[in-house]
Amino acid sequence: MSKEIAYQKMNACSNAHFHQCFYCGCIATELDYAPPKKYAKEYQLSEDDGDFYAVPSCLECVTLLSGCQAAYVTLRRDKLKALLAKKYQQALHVYNVWQEDELALLDDNLAGSIAAGLKLGKESLERVDFIGFSYEVGGDVHHVLPTAKIQINIDQYTFSSTKAALEYANKTYRIPKATLIDLLEIYQDDYNQAIYRFGQMQLEKEHDKTLKKRCTEFAKLHKQNVKFVIRTVEHFLKEDEEMSIETALCKLQQRI
């Protein structure tokens, strides 16, 4: 029978982190293994053999990482962040979109639901942002380097959180936060491009509103079918992008 591969226990260097999950900061009740025990022999025989650390973890993190094959603690931590963000995506969305002072404007049921989402979202963000802690293994101390802080540039301002950036864009450009989140997904988190596109969308809406209003008035005055007028004017505008709605209506009047 082959000898079981030994894992070294990671021990927090500071009392503040004793019994704390290395991955998310919650209370550690379990051990996660880097690499997972079922892949230990494979990694041991490979050229890149991994950490072979027993990592203090909470039950949720161990469960989420059950399918992760990464052999290094930092890689498992980074994977866990992505898994946590995905699991609590809705709560994080509520936290980023809503403010506590808005709850008073809602009915009791909705306010209670949003309040719970804000609390869970804040807790989830803290877990996702937790970087771990300095630890000792076999007499050697290992320090965890801080991750790069988020920097979101809008206009001449820099924001360090998604929540603050969304709040600024909402108040400055009157963009619904949920709409901006959708645009950011399309434009790969480029806030300035997303804001510009929203402005274009507003102009398009205003144009469509004006087009419908003027075509309806024209159809009534000249006893024409409204859909026919709108369709014809849109055709004229498509042929000549610099043509105004009024010019298109005049062109149509000459043809009827």
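Let me begin with Lys223, which counts as exposed because its relative accessibility is 73%, where exposed means over 50%, buried under 20% and partly exposed in between, with a 1.4 Å probe and protein chains only. What we are looking at is a predicted model, in which local features need pLDDT of at least 70 and side-chain atom pairs count only at pLDDT 80 or more, while totals for chains, interfaces and linings use all residues. Residues are numbered from 1 along each chain as its sequence is written, and side-chain values use heavy atoms, with hydrogens and water left out.

Lys223 sits in the loop between helix H8 (191–222) and helix H9 (226–239), and its phi is positive, near 55°, although the residue is not glycine. Here helices (H or I, at least four residues) and strands (E, at least two) are DSSP runs, numbered from the N terminus.

Asp155, in the loop between strand S7 (152–154) and strand S8 (157–159), is another non-glycine residue with a positive phi, about 55°, and it counts as partly exposed because its relative accessibility is 38%.

Now to helix H5, residues 108–129: how far does H5 reach from its first C-alpha to its last? The answer is 31 Å for 22 residues, close to the 32 Å expected at 1.5 Å a residue, the expected span being 1.5 Å times one less than the number of residues. Among the buried residues of H5 are Ala111, Ile114, Leu118 and Val128.
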